[in-house]
Amino acid sequence: MRHRIAGRRIGRNSSHKKANLRNLATSLIQHGRIRTTDAKAKELRSYVEKLVTMAKRDDLHSRRLVARKVFNRSAVVKLFADYGPRFMERPGGYTRIIKEGYRAGDAAPVSIIEFLGEDETLKTASPKKAKTEAAEEE
């Protein structure tokens, strides 16, 4: 039984899973969009969103914490230069997972995980904020 055990095993031991998530996170930050299995994408989402939340703080301590979890130094720079400021006003939900179908070799379900675009971060506001803005206009 898996009582009180969070996360997916993804068929790996803990050190392999950690290294795999670091590789996937580095690739996602560098390229903005990657194609992987559903389970990996769902696990990666929470991993990367915590990194973006740290990047929004933009201080030395958060840079060092992110550098521990990302392999490439240029990815850390891109995270703090691009994604931190882009999602500054957004309280969460920086990524989207799009189901793509099944892989030809082993029929594993495959998804694309990507960061939200510039236009989606600006127009997507919380429902409360949208209601108050609509009330102020009237």
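This is a predicted model: local features need pLDDT of at least 70, side-chain atom pairs count only at pLDDT 80 or more; totals for chains, interfaces and linings use all residues.
Started with the rings: Tyr83, Phe87, Tyr94 and Phe115 make up one aromatic cluster.

**Aromatic pairs**

I counted ring pairs with centres within 6.5 Å. The count comes to four aromatic pairs. I looked at two of them in detail.

How far apart are the ring centres of Phe87 and Tyr94, and at what angle do the planes sit? I get 5.1 Å between the centres and 45° between the planes, so this pair goes down as tilted; the tilted class is what remains between under 30 degrees (stacked) and over 60 (edge-to-face). I checked burial for Phe87 and Tyr94 as well, and both are buried.

Next I took Phe87 with Phe115. Here the centres are 6.2 Å apart and the planes are at 35°, so I logged this pair as tilted too. Phe87 and Phe115 are both buried.

While on rings, I also looked for a charge over a face. Arg63 lies over the face of Phe80, and I have it at 4.4 Å from the ring centre.

**Helix 2**

I moved on to helix 2, residues 38-57. Where does helix 2 bend, and by how much? I find about 25° at Leu44.

Asp38 is in helix 2. Is Asp38 buried or exposed? Its relative accessibility is 12%, so I filed Asp38 as buried. I then listed its contacts, skipping neighbours within four places in sequence: Asp38 is in contact with Lys99, Pro109, Val110 and Ser111.

Asp58 follows helix 2. I placed Asp58 in the loop between helix 2 and helix 3 (60-69). Its phi is near 55°, a positive value in a residue other than glycine. Asp58 has a relative accessible area of 43%, so I noted it as partly exposed.

**Another positive phi**

Arg4 is in the segment before helix 1 (14-31). I read 88% relative accessibility for Arg4, so it counts as exposed.

**Nonpolar core**

How many residues are in the largest nonpolar core? I count 26, and those with the most contacts inside it are Ile29, Leu44, Leu51, Val66, Leu79 and Phe115. Helix 1, helix 2, helix 4 and strand 3 each supply at least two residues of this core. Which element gives the largest share? Helix 2 does, with eight residues.

Two names on that list tie back to earlier entries. Leu44 is where I found the helix 2 bend, and Phe115 is in the aromatic cluster.

Leaving out residues up to four places away in sequence, Leu51 touches Ala25, Ile29, Val66, Lys69, Val70 and Leu79. Among these partners, Ile29, Val66 and Leu79 are also on the most-contacts list for the core.

Note on methods. Residues are numbered from 1 along each chain as its sequence is written. Side-chain values use heavy atoms; hydrogens and water are left out. The bend at a residue is the angle between axes fitted to the seven residues ending there and the seven starting there. Helices (H or I, at least four residues) and strands (E, at least two) are DSSP runs, numbered from the N terminus. Rings of Phe, Tyr and Trp (its six-membered ring) pair if their centres lie within 6.5 Å; planes under 30 degrees apart count as stacked, over 60 as edge-to-face and the rest as tilted. Buried means under 20% relative accessible area, exposed over 50%, partly exposed in between (1.4 Å probe, protein chains only). A charge sits over a ring if NZ of Lys or CZ of Arg is within 6 Å of the ring centre and within 35 degrees of the ring normal. Contact means heavy atoms within 4.5 Å. A nonpolar core is a set of buried Ala, Val, Leu, Ile, Met, Phe, Trp, Tyr and Cys residues joined through side-chain atoms within 4.5 Å.
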